[in-house]
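Here are my notes on the model, point by point. Have the coordinates open as you read.

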Amino acid sequence: MTAAACGLTSGSPMVDDVEPGSIGRGEPLEGAKLTVTSKSFTEQLILGAIMGIAFEAAGAEVVDRTGIQGSIGSREAVVKGEADAGYEYTGTAWITYLGHSDPITDPHEQWEAVKKEDAGNGVTWLPPARLDNTYALAMNQANHRKYRTNTLSEVAALSKSNPSAVTLCVEVEFANRADGLRGMEETYGMDVPSRNITQMDTGIIYTQTAKGACTYGEVFTTDGRIKSMNLVVMDDDKHFFPNYNAAPMINTKTLRKWPAIPDVLDPITKKLDNAVAQELNAKVDVDGEDPHQVALDWLKQEGFVK
């Protein structure tokens with residue numbers, strides 16, 4: 001894949017006026033020129049900015065090549081050395097990049113398996129965050145009071161006892177993925193008739209679910225709109241959905257040259273969980289703030305940088 005195909009023909013320097021806080025003391029990355037990449041959705045833009053600003057605080061010159069369309073482009077950039085690092089998701093790597101059909105249920109074992117196998121591709125995975133951006137079903141408060149479901153097993157039971165009660169708003173991709181609707185129905189013994197399933201764009205799902213146009217909407221567990229719209233997320237009590245824990249994915253040659261990178265990133269990654277992600281994502285998706293500014297504000301608020 002060429003640089004152009006990766007969407008990496010452009011990139012601008014990050015020019016944040018930051019100094020080390022609790023990370024980057026002694027500027028161990030001084031002299032490094034590092035390119036940071038990400039996919040194009042909100043959470044990835046924020047995570048890419050967080051990584052880049054952290055590198056800046058540790059003394060590196062950073063090129064910002066965040067916002068690449070699709071998953072493959074940012075991944076390939078790190079593999080080929082056209083970018084040095086980015087936050088990636090363990091489940092995406094295991095299933096989409098490494099070609100496995102069955103996810104590993106335990107999140108740490110999933111990360112270990114990805115780390116081990118991806119080492120052969122010249123990629124090193126640093127320890128993962130608790131942030132787990134996986135699929136879920138959610139409902140509004142009125143429907144939650146009406147149907148009293150809190151787990152996917154209870155949704156499955158409702159689909160049998162009252163089939164018309166279970167209507168779903170889902171993305172086209174989710175409707176057709178083995179680790180999406182079909183697999184969920186099979187695992188939980190649901191049989192939702194196609195007339196009860198409406199396919200739509202991601203953003204519309206949240207508003208339609210909040211309105212109650214469908215009883216359950218497919219959501220991402222770290223999306224800020226869950227909190228802002230006061231939706232109730234169903235527990236995946238059989239652990240069907242893969243673990244999509246965010247973790248730094250670093251080009252191994254870069255890591256050999258700059259071995260201080262883990263010391264810079266590990267404390268930040270440890271702080272990232274679903275609550276933090278929902279809060280930061282909401283600042284962009286609900287309040288309309290700039291992802292880079294959201295990242296910078298959070299890093300300063302946490303004392304990682306000054």
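1. Which helix does Glu43 lie in? Glu43 sits in helix 2, which covers residues 42–57. Helices here are DSSP runs of H or I with at least four residues, strands are runs of E with at least two, and both are numbered from the N terminus.

2. Before going on, some ground rules. This is a predicted model, in which local features need pLDDT of at least 70, side-chain atom pairs count only at pLDDT 80 or more, and totals for chains, interfaces and linings use all residues. Residues are numbered from 1 along each chain as its sequence is written, and side-chain values use heavy atoms, with hydrogens and water left out.

3. Back to Glu43, which is buried but has no salt bridge; Lys39, the nearest side chain of opposite charge, is 8.9 Å away. (Buried is under 20% relative accessible area, exposed over 50%, partly exposed in between, with a 1.4 Å probe and protein chains only. Lys and Arg count as positive, Asp and Glu as negative; His and the chain ends are not counted. A salt bridge needs a side-chain nitrogen of Lys or Arg within 4 Å of a carboxyl oxygen of Asp or Glu.)

4. What does Glu43 touch? Leaving aside residues up to four places away in sequence, its contacts (heavy atoms within 4.5 Å) include Tyr89, Leu131 and Asn281.

5. The salt bridge count comes to 8. One of them pairs the side chains of Arg75 and Asp118, at 2.5 Å from N to O. That pair links distant parts of the chain, with Arg75 in helix 3 (residues 72–80) and Asp118 in helix 5 (residues 107–118), 43 residues apart. Arg75 is buried at 5% relative accessible area, and Asp118 is buried at 0%.

6. Arg177 and Asp179 also form a salt bridge, their closest N and O atoms 2.7 Å apart, and both residues are buried. Shared partners join Glu173, Arg177 and Asp179 into one salt-bridge network.

7. There is 1 disulfide (cysteine sulfur atoms within 2.5 Å) in the structure. Cys169 and Cys214 form it, with their sulfurs 2.1 Å apart. Cys169 is in strand 7 (residues 168–170) and Cys214 in the loop between helix 10 (202–211) and strand 9 (216–220), 45 residues apart. The S-S torsion is about -120 degrees, so this disulfide is left-handed. Both cysteines, Cys169 and Cys214, are buried.

8. Overall, the chain has 15 helices and 11 strands. Buried residues make up 55% of its 306 residues.
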